[in-house]
Amino acid sequence: MIHAHLTAAPERSRTLLTRARILEAARQELARDPDSSLGDIAEAAGVVRRTVYGHFNRRAALMEGLMEEATWALRQALAVPRAPVADALTELARFVLAVWPVGDRYRILLRLAPQDLGADRLAEVLAPARDMAEAIISRGQRQGAFQTGVPRSS
């Protein structure tokens, strides 16, 4: 029984590494060709197709895995403590610089997630960033730094 417990941790670690490798390959392959199949992604990840299916039984599950990574990365970017600033222009610049790397890394999701996971799922993931951007812009409008005639996003 002790032996099984000792081997469980390395096996779990190996499984997580394989999953991460598949997701990274998927991100890269889908950016290169949005119609990439799970077989193409398996080849890019250096695993057999059965391994991909063991982690993600269909394309939507793979897309959801990418979406979970993007959600975590976006939340991390938004949670970085920043010293308070008086003006909304600086605050908006900091916001953009914080979220840009996440958006750049997962930009393929903006194109594929609505069709693979639904527009509501994408909106759910982007809601914290959208809410923060809207708050910064509203503050900037009150300060007179941003125009007020720009319509709100829907």
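Let's start at Ala79, which sits in helix 4. A quick note before going on: this is a predicted model. Is Ala79 buried or exposed? Its relative accessible area is 54%, and the cut-off for exposed is over 50%, so Ala79 counts as exposed. Now look across to Asp120. In sequence, Ala79 and Asp120 are 41 residues apart. In space, their C-alpha atoms are 23 Å apart.

Next, the helix pairs. Two packed helices are described by the angle between their axes and the distance between the axes. Take helix 4 with helix 7. Their axes lie 10 Å apart, at an angle of about 10 degrees. Angles under 35 degrees count as roughly parallel, so helix 4 is roughly parallel to helix 7. Who meets whom? On the helix 4 side we have Glu64, Met67, Glu68, Thr71, Leu74 and Leu78. On the helix 7 side we have Arg121, Leu122, Val125, Leu126, Pro128, Ala129 and Met132. Sort this contact by class and you get nine nonpolar residues, one polar and three charged.

Now helix 6 with helix 7. Here the axes come within 6 Å and cross at roughly 140 degrees. Helix 6 and helix 7 are therefore oblique to each other. Helix 6 brings Leu109, Leu110, Ala113 and Pro114 to the contact. Helix 7 brings Ala119, Leu122 and Leu126. By class, that is seven nonpolar residues, with no polar and no charged ones.

On to the largest pocket. It holds about 370 Å³ of space. Its lining has 18 residues. Nearest the centre are Val99, Val102, Gly103, Leu110 and Leu126. Which helices supply the lining of the largest pocket with at least two residues each? They are helix 4 (59-79), helix 5 (88-105), helix 6 (107-116) and helix 7 (119-143). Helix 5 gives the most, with seven residues. As for class, the lining has 15 nonpolar residues, one polar and two charged.

Two names come back here. Leu110 belongs to the contact of helix 6 with helix 7, and Leu110 is also among the residues nearest the pocket centre. Leu126 of helix 7 is in that contact too. Leu126 also meets helix 4, and is again listed nearest the pocket centre.

Last stop, Arg27. You'll find Arg27 in helix 1, residues 2-32. Its relative accessibility is 14%, so Arg27 counts as buried. What does Arg27 touch, leaving out residues up to four places away in sequence? Leu66, Arg105, Tyr106 and Ile108.

How values were computed
Residues are numbered from 1 along each chain as its sequence is written. This is a predicted model: local features need pLDDT of at least 70, side-chain atom pairs count only at pLDDT 80 or more; totals for chains, interfaces and linings use all residues. Side-chain values use heavy atoms; hydrogens and water are left out. On a 1 Å grid over the protein atoms alone, a cavity is a set of points where a 1.4 Å probe fits but cannot get out, and a pocket is an open set with protein on both sides within 12 Å along at least five of seven lines; lining residues have an atom within 4 Å of a point. Grid points are joined across faces, edges and corners, and a volume is the space filled by probe spheres set on the points. Helices (H or I, at least four residues) and strands (E, at least two) are DSSP runs, numbered from the N terminus. Ala, Val, Leu, Ile, Met, Phe, Trp, Tyr, Cys and Pro count as nonpolar, Asp, Glu, Lys and Arg as charged, and the others, Gly among them, as polar. Axes are lines fitted to C-alpha atoms, for helices over the stretch in contact, and angles run from 0 to 180 degrees between N-to-C directions. Angles under 35 degrees count as roughly parallel, over 145 as roughly antiparallel, 65 to 115 as roughly perpendicular and the rest as oblique. Contact means heavy atoms within 4.5 Å. Buried means under 20% relative accessible area, exposed over 50%, partly exposed in between (1.4 Å probe, protein chains only).
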